[in-house]
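Subject: Structure handover

Hello,

Here is the structure I said I would pass on. My notes on it follow below.

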There are 2 protein chains.
Amino acid sequence: MDSCPFIRACRGEDVPYTPIWMMRQAGRYLPEYMEIRRSVSGFLELCKTPALATKVTLQPVERLGVDAAILFSDILVPVEAMGVPLEFREGEGPKLNYPVESMKDIESLKVPNPYTSLDFVLETVRRVKEALDDQVPLIGFSGAPFTLASYILEGGGSRNYLKTKTLMYRNPEVWHALMGKLTDTVVVYLKAQVEAGADALQLFDSWVGALSPADFRRYVAPYTRRVVKELKSVTKAPFILFGTDTTTLLEDLASMGADVVGVDWRIELRDAIKILKGRASIQGNLDPCGLFMTKKDLEERVREIVEQGREARGHIFNLGHGILPQTDPEMARFLVKSVHELSKR
Amino acid sequence: MDSCPFIRACRGEDVPYTPIWMMRQAGRYLPEYMEIRRSVSGFLELCKTPALATKVTLQPVERLGVDAAILFSDILVPVEAMGVPLEFREGEGPKLNYPVESMKDIESLKVPNPYTSLDFVLETVRRVKEALDDQVPLIGFSGAPFTLASYILEGGGSRNYLKTKTLMYRNPEVWHALMGKLTDTVVVYLKAQVEAGADALQLFDSWVGALSPADFRRYVAPYTRRVVKELKSVTKAPFILFGTDTTTLLEDLASMGADVVGVDWRIELRDAIKILKGRASIQGNLDPCGLFMTKKDLEERVREIVEQGREARGHIFNLGHGILPQTDPEMARFLVKSVHELSKR
């Protein structure tokens, strides 16, 4: 795996071309995914059936020729294993039902043993690794403590994160207890994925950009740093830290110890690279809506991103957030091809 | 009006203390607002009844002692006057029903005559001005062309602005025609508010932060610049440009010709001030969730913002986005008092 462009770019080593993968590359925009999705009763069942999760993990590798596979799962799976009831209703986001009012509610949460309650994830990792036969690296992942906390506290997605921030501000003891337990969970969960064979790890802190820099430093950064440190102590697998809307947090994110920091399209890649100052490679940053441009315009945009990315310690091409269900798979294929062609050294 | 702290801070002149107002200060968190709201059949009816809109505009001035009133209305009111069906369903966001497919759909939109189809707004402005008796300035406002376009094209709020961006990318001619017509509308609408007595103007480009800097420059900036320029040619009323999530757009927003640029809590005020380089005063930037802190912590945060704001050309204290319906009015009152006390020169 050490010689593949994705792993090399994570480490800031020379690569023959810019590697690319896409968040949610195994997903609803692919007809072959929809076919398997329709054969099960719900989204969570698909996550929990290793034979099927393996199949959909491999689909974009086969169809698009991306440079990395990413485990098919959901960021909330470890939260369910902690004892938080989780439901995906058709056409809606996730619904969680675990009101947090006092320290007792935190004490009742389990730090799961991934080898029992999350074994379906590990089994998927093992099967995918076998199928990939060391030709393409596999990325394991987890939601980050802050983003997981926000889902638990809001009961789902949110526009303003009022319940999350209110707990932070009014009940910091409970907040820190929750974050501590989530961090323990994320650490054992990611360690188990590495043991099962994951070649790289991504921590999804998708909603961390809702915080002011001061709040990030006080309420979140110590936990992010601990996750990276504990993983770094057991594995050389590159570690990617991802968030959206993080322009003003980038200076802090660059110092978390991760190998790669992901950014979205709101910041020009060249500006993000200046902030990282060689402390980490960069991942990003095409707007997922960019796949709805004409091929000519998309190619132009890819050229700009690839050129800017050459100034980074290492650059992994990706979207700034997950690929949208409305995307034409042909455009996704065209993107992969364009990135490879336009970045050839 | 020229001597009041709000207007002086907009112009970068000396002030005895930092002026403050709050977005949505006339709104659901106030019991006296809810009482009036319950007496009408819908939110739009309240906007369209000058006697009641006047009352709710004045409520926060009376209860909180803010340094400016802002017209009670909705940013989508001019869009309805253009011929776009608009509905507010209880407990949901706005729903608009005007599919845009071709140039013909743009041609069918009217540039409204504000003195006929939007006279209820102008009448509210006149009544509020009379009631305020030049003791407190009144801010008029409009949605900005981009944010209004996004509501029309998405049919309401959006998480990814896919329809908006797809039109931009795939059909730029139709996009520019739509933006041109929206700009014409915003210009005549704001001019009429000034004629009716508004002392300052705010352009709400609430969702512009969803764009990459390159897309902002190509598809939006010329229209924003034209709105400011056309208003500046007829009035000395200070012009405030507001958006959220605009850290990477600030350099461009600073050059639009506005007197004041608003920012949200994602950026430290001191960093935003550095980017503005004295080209505009600054407005912001407490997280609306900050009103859920303890009074002691809130005071600490206010002190930091006020101190950072002293480095600006001028500073108007505000929230980074609208005050939340769950807010305790006592905390809003405490915020106003704290800003005044902690900023005394």
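**A buried loop residue**

With 23 C-beta neighbours inside 10 Å, Asp245(A) counts as buried, since the cut-off for that is 20 or more. The model is a predicted one. Asp245(A) sits in the loop that connects β6 with α13 (250–253) of chain A. Its phi is positive, about 65°, although Asp245(A) is not a glycine. Most residues other than glycine have a negative phi, and most peptide bonds are trans.

Arg24(A) also has a positive phi, near 60°, and is likewise a residue other than glycine. It belongs to the loop between α1 (5–11) and α2 (31–38) of chain A.

Chain A has an open sheet of 7 strands, paired in parallel, in the order β1-β4-β5-β6-β7-β8-β9. The edges are β1 (69–70) and β9 (315–319) of chain A; each has a single partner strand, so one side of each is left without a neighbour in the sheet. Strands of a sheet pair through backbone hydrogen bonds, either parallel or antiparallel.

Going along the sheet from β1(A), these are the pairings I noted:

- β1(A) and β4(A) are parallel, with 2 bridges; Ile70(A) has Ile139(A) in β4(A) as its bridge partner.
- β4(A) is joined to strand β5 (residues 200–204) of chain A by 5 bridges, again in parallel; Ser142(A) stands opposite Leu203(A) in β5(A).
- β6 (residues 239–242) and β7 (residues 260–262) of chain A are parallel over 3 bridges; Phe242(A) is placed opposite Gly262(A) in β7(A).
- β7(A) and β8(A) pair in the parallel sense over 3 bridges, with Val261(A) opposite Ile282(A) in β8(A).

How many of the residues of β4(A) are buried? The count is 6 of the 6, so β4(A) is largely enclosed by the rest of the structure. In a regular strand the side chains alternate between the two faces of the sheet. Both faces of β4(A) are covered: Leu138(A), Gly140(A) and Ser142(A) are buried on one side, and Ile139(A), Phe141(A) and Gly143(A) on the other. Helix α8 (residues 119–132) of chain A lies across β1 and β4 (138–143) of chain A, at about 160° to β4(A).

β8(A) is mostly covered too, with 6 of its 6 residues buried. Asn285(A) is in this strand, which spans residues 281–286 of chain A. The peptide bond that leads from Gly284(A) to Asn285(A) is cis, with omega near -5°. In chain B, a cis peptide bond joins Gly284(B) and Asn285(B), with omega about -5°, and Asn285(B) is found in strand β8 (residues 281–286) of chain B.

**The nonpolar core**

In soluble globular proteins, nonpolar side chains tend to be buried together. The largest nonpolar core here has 239 residues. Among those with the most contacts inside it are Ala69(A), Ile139(A), Leu201(A) and Val261(A), as well as Ile139(B), Leu201(B) and Val261(B). Leaving aside neighbours within four places in sequence, the contacts of Leu201(A) include Ile139(A), Gly140(A) and Phe141(A), along with Leu231(A), Phe239(A) and Ile240(A).

**A helix in chain B**

Helix α9 (residues 145–154) of chain B is mostly covered, with 9 of its 10 residues buried. The buried ones include Phe146(B), Leu148(B), Tyr151(B) and Ile152(B). Just after α9(B), Gly155(B) has a positive phi of about 80°.

**How the two chains meet**

Contact between the chains involves 26 residues of chain B and 26 residues of chain A. On the side of chain B that touches chain A, helix α10 (residues 162–170) of chain B gives the most, with 5 residues. That side of chain B consists of 11 nonpolar, 8 polar and 7 charged residues.

Regards

Methods. Residues numbered from 1 in each chain as written. Chains lettered and ligands numbered in written order. Predicted model: local features only at pLDDT ≥ 70, side-chain atom pairs only at ≥ 80, totals over all residues. Pairing = 2+ DSSP bridges. Helix = DSSP H or I, 4+ residues; strand = E, 2+ residues; numbered from the N terminus. Contact = placed C-beta atoms within 7 Å. Axes fitted to C-alpha atoms, helices over the stretch in contact; angles between N-to-C directions. Nonpolar A, V, L, I, M, F, W, Y, C, P; charged D, E, K, R; others polar. Core = buried A, V, L, I, M, F, W, Y, C linked by C-beta atoms within 7 Å. Buried ≥ 20, exposed ≤ 12 C-beta atoms within 10 Å, placed from the backbone.
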